[in-house]
Amino acid sequence: MARSIAVWLGLALAPAWGMSAALAANQLQDTPHTSDVSASRFLDDDLQQVTHSVKSPLQVAQVPAVADLEAQAPRLPAPAPSLRIQRTMPQVTSVNQLSDVRPTDWVYQALASLVEKYGCIAGYPDGTFRGNRAATRFEMAAALNACLDVMSDRFASKEDLATLQRLAEELSSELAVIKGRVTNLEGRVANLEATRFATTTKLRASVIFNVSDVLTGTRSVPAPGRDPTIEDNPVATYRARLNFDTSFYGKDVLRVRIQAANMPNYGTVTGTNMARLSYDTNTGGQFTIDDLYYRTPLTNRLFLAFDASAGNFDKNVFTFNPLLQSDETGAISRFGRFNPLYRFGGGAGLTLRYTLLENKERGTGLTLNLSYQAPNAANPNRNTPSTNGLFDGAYAALAQLDWRPAKNLAMGFTYVRSFGVSVAGGTGSSGFPVFPGSAANPIGNNANAAADNFGFQFTYRPIQKFNIAGWVGYSNVYQVQGFTGPRREAEVLNWAATFAVPDIWRKGDVLGLIVGQPPQTISVRNVPGAPGATFNSYHIEGLYRIPISRNISITPGLIAVVNSNSNSNNAPLLLGVVRTTFSF
């Protein structure tokens, strides 16, 4: 145990202080400073959020700003224009329009004759050349080069050809340089057009390297039991994501994400989902489809998102924990990211976001979010009880009102009606092998259960370098089919408070603290075999995100769970984690 803790301290502290001051300065001097964006940016136009430069969730070395995270969508710039050089400048028909050419120079006189006769120079609206500004001879050579192209296709007099020849001899050195540069540029453009990925699609990627271990604790069981101490080994694992973001007209985005991972699920190791990591995907090392969605503004106030895969609510609505919600740069625990009700669903669905009121100058506004998700939308088979299909199976329907009464304060009021899904969102008490009663399965069979779920969330930035966020979630779960006796009912509750301090020692870092109670069953009625409901599990998490460079960050952290699975006989769990994130 002592050796494990020593190893963790070494892993956590080495990246932060093992680097020399000079190296740190060199690596960080060009890193954009985004953490000091005030909460007034809550009011950035939600529709503009879709143009997602991925100030990206994928530029993970930067501290995420509240406005950046609100839309939860890639911000694509306008589609890149064709790389072909287009002549869109106004045509100049008199050399007098070129203000930086001296009329007393014979080159000016000769050029004037050719330009006025053949109209061969394309200039700029302000009447200047924009070549090598330090040498007028280069400007003249560029003009002459244009005349050579024009006059080669037209009849020219003997005198004009002689003038052209004299100008070419006078500016021969400059012409050679210009033609060489043009030839080189044309070659580079042709190569880029031949090898670029696509005109409308950008490839963005992120990779997480994880080292983690259960430092101490017993395997979590329901009360009043107690299991032996957990014996596991430290692991080194990864998750790699490739995002293909396509914009068809500059404000929309079609994302196709593939990912491969071998992250451990510490819910299995410890016996409770209270110990899960925020990024614990495991595909067995095989690349599979993850996110698949299309998002676009319909009007200046109305935004549409369609999810075909992995469509949790958190990807489409604001979750009110801006500095810690990211699984790549924020909380290291699954519970610490946001209210678990945002994870209901997880399949295909539709989201609409409408701005009811907005005052950008004062930083206030009111937004309505409506969303529907069906986790088994791709399965056409009817089953008993029915949980498959887009509309006649399991679902979660959300309505949320985002209220911003001040530029540095935002609050959310959320209602989710669900059927056939867990109300714990993959967190909270779980793993009761025989009896029901956990938050993950409160009445014994989620396929027979409906729930009314309520959430309140807020985020507040009292000063520039301190953000407070939190939430409360309550679920009333009840049986709606498959009755064999009195209707089963249960209540599930969770809450959390998060504290984030950005730029505490260097630009781009974040010191975070999360305390709360993961989803737990607080009452059960007519549920045979359920253990006595107690609400005494606590989650405590500390982390420090260290930006190594613009594209690399390291986040060491500790997760402590006290009275896991609402059982005081379970010894406290302590997990150590070092997450290294690369984005490019």
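## Overall make-up

Of the 584 residues in the chain, 52% are buried. The model is a predicted one, and its secondary structure comes to 9 helices and 18 strands.

Contacts between residues at least 6 apart in sequence join residues at least 24 apart in 70% of cases. The chain has an accessible surface of about 25,300 Å², with 58% of that area belonging to carbon and sulfur atoms.

## Salt bridges

The count of salt bridges comes to 15. In one of them, the side chains of Asp 245 and Arg 204 meet at 3.4 Å, N to O. Asp 245 lies in strand S4 (residues 235-246) and Arg 204 in strand S3 (residues 201-216), 41 residues apart. Asp 245 counts as buried because its relative accessibility is 0%; Arg 204, at 12%, is buried too.

Asp 291 forms a salt bridge with Arg 257, the closest N and O atoms being 3.1 Å apart. This pair links strand S6 (residues 288-297), which holds Asp 291, to strand S5 (residues 253-261), which holds Arg 257. Lys 315 also meets Asp 291 in a salt bridge, at 2.4 Å, N to O. Lys 315 lies in the loop between S7 and S8, so this pair ties together parts 24 residues apart in sequence. Both Lys 315 and Asp 291 are buried. Shared partners join Asp 291, Arg 257 and Lys 315 into one network that also includes Asp 327 and Glu 328.

## Asn 321

Asn 321 is in the loop between strand S7 (302-309) and strand S8 (348-359), and is buried at 1% relative accessibility. Its side chain reaches the backbone oxygen of Arg 337 at 2.8 Å. Beyond its neighbours within four places in sequence, the contacts of Asn 321 include Ala 469, Trp 471 and Thr 498.

Key:
Residues numbered from 1 in each chain as written. Predicted model: local features only at pLDDT ≥ 70, side-chain atom pairs only at ≥ 80, totals over all residues. Heavy atoms only, no water. Helix = DSSP H or I, 4+ residues; strand = E, 2+ residues; numbered from the N terminus. Buried < 20%, exposed > 50% of the residue type's maximum accessible area, 1.4 Å probe, protein only. Polar contact = N/O pair within 3.5 Å; in protein donor to acceptor, adjacent residues only side chain to side chain. Contact = heavy atoms within 4.5 Å. Areas by Shrake-Rupley, 256 points an atom, 1.4 Å probe, with all protein chains shown as cover. Salt bridge = Lys/Arg side-chain N within 4 Å of Asp/Glu carboxyl O.
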